[in-house]
Amino acid sequence: MSDANSRSITSNQAGLHEKLDEVVQKHLSTPFKKPIAAHTQQAFEQVNEKVKAFDGPIILDSCCGVGESTANLAKLHPDALVIGIDKSEHRLEKHDIEYKQTESGQYILVQADLNDFWRLACEANWQPTHHYLLYPNPWPKAKHLQRRWHGAAVFPYIVELGGRLELRSNWSIYVEEFARSLELAGKKAQVSAYESDTAMTPFERKYWASGQQSTRLIAQL
């Protein structure tokens with residue numbers, strides 16, 4: 001499939017999910033007690049050593065895919081340590097040599113389950129200055145609400161991590177739902193259509209080439 005023919009989102013939802021408030025409020029009031037996976041615990045401990053030794057801002061690039069966005073963010077924030085996290089070893093292994101460590105920024109790529117990694121980061125009292133969620137899987141079928149990050153049990157930990165959160169999607173309902181979920185958690189978010197001359201991720205480049213619009217959420221948590 002060429003970049004110019006990227007498939008647009010199809011969903012049986014015309015607006016915010018009818019059970020969004022109920023699901024989010026349940027997660028905000030109920031502790032998430034799923035055991036931490038051993039591989040993510042180990043990955044986190046290795047990264048945490050680098051975080052503790054680093055004297056500067058920490059930035060998270062969650063769902064980083066092949067890590068192109070992580071490298072781009074490291075160039076945008078040369079004084080920071082940018083941590084790109086994705087569950088897929090296959091995607092991370094595609095990280096092109098073009099994006100490897102340069103003098104224009106420092107970054108680490110980590111294979112981990114974000115359901116566990118975010119909780120460990122909160123427990124370790126990480127305080128990222130920025131948190132990017134660029135084009136996570138939108139799970140557009142209504143029955144999959146709880147697979148979306150704002151509908152998942154881990155959502156309160158995204159809020160707890162704090163920093164300046166930036167979310168992007170080619171499905172505006174996902175972004176609007178996320179904003180509503182933050183509102184339920186007592187946080188304000190700005191949502192707007194978004195265009196730029198420079199794509200941050202391969203997904204963004206694909207969507208724009210096929211004429212799809214991006215929607216962006218920004219919230220100071």
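This is a predicted model: local features need pLDDT of at least 70, side-chain atom pairs count only at pLDDT 80 or more; totals for chains, interfaces and linings use all residues.
Good morning. A residue is called buried when its relative accessible area is under 20%, exposed when that area is over 50%, and partly exposed in between. Arginine 180, at 23% relative accessibility, therefore counts as partly exposed.

Let me begin with the overall arrangement of strands. In general, the strands of a sheet pair through backbone hydrogen bonds, in either a parallel or an antiparallel sense. Here we have an open sheet of 7 strands, and its order reads β3-β2-β1-β4-β5-β7-β6, with mixed pairing. At the edges lie β3, residues 106-111, and β6, residues 190-194, each of which pairs on one side only. From one strand to the next, the twist averages 20 degrees.

I turn now to strand β4, which spans residues 130-134. How many of its residues are buried? The count is 5 of 5, so the strand is mostly covered.

Which strands does β4 pair with? One partner is strand β1, residues 58-62, which pairs with β4 in the parallel sense over 4 bridges. In this pairing, serine 62 stands opposite leucine 133 of β4. Another partner is strand β5, residues 164-169, which runs parallel to β4 and is joined to it by 5 bridges. There, histidine 130 stands opposite arginine 164 in β5. To pass from β4 to β5, the chain goes through helix α6, residues 155-161, and this β-α-β crossover is right-handed.

Strand β1 also pairs with strand β2, residues 81-86, again in the parallel sense, over 5 bridges. The bridge partner of isoleucine 59 in β2 is valine 82. Helix α2, residues 38-53, packs on the sheet and touches β1, β2 and β3; the direction of α2 makes about 165 degrees with that of β3. Helix α3 packs on the sheet too, touching β1, β2, β3 and β4, and its direction makes about 155 degrees with that of β3.

The next topic is charge.

As promised, I come back to arginine 180. It forms a salt bridge with aspartate 21, and the closest N and O atoms are 2.5 Å apart.

A second salt bridge is formed by the side chains of arginine 205 and glutamate 68, at 2.9 Å from N to O. Arginine 205 lies in helix α8, residues 202-209, and glutamate 68 in helix α3, residues 68-76, so the pair ties together parts that are 137 residues apart in sequence. Are the two residues buried or partly exposed? Arginine 205 is partly exposed, with a relative accessible area of 36%, whereas glutamate 68 counts as buried at 6%.

A further salt bridge joins aspartate 86 to arginine 91, where the closest N and O atoms are 2.9 Å apart. Aspartate 86 counts as buried, at 4% relative accessibility, while arginine 91 is partly exposed, with a relative accessible area of 33%. There is also a network of salt bridges that links Arg164, Glu166, Arg168, Glu204 and Arg216.

Finally, let us consider the cysteines. How many disulfides does the model contain? The count comes to 0. For cysteine 64, which is in no disulfide, the nearest cysteine sulfur is that of cysteine 63, 8.3 Å away.

Thank you for your attention.

Note on methods: Residues are numbered from 1 along each chain as its sequence is written. Side-chain values use heavy atoms; hydrogens and water are left out. A salt bridge is a side-chain nitrogen of Lys or Arg within 4 Å of a carboxyl oxygen of Asp or Glu. Buried means under 20% relative accessible area, exposed over 50%, partly exposed in between (1.4 Å probe, protein chains only). Helices (H or I, at least four residues) and strands (E, at least two) are DSSP runs, numbered from the N terminus. Two strands pair if DSSP finds at least two bridges between them. A crossover is right-handed if, with the strands pointing away from the viewer, the path from the first strand over the helix to the second runs clockwise. Axes are lines fitted to C-alpha atoms, for helices over the stretch in contact, and angles run from 0 to 180 degrees between N-to-C directions. Contact means heavy atoms within 4.5 Å. A disulfide is a pair of cysteine sulfur atoms within 2.5 Å.
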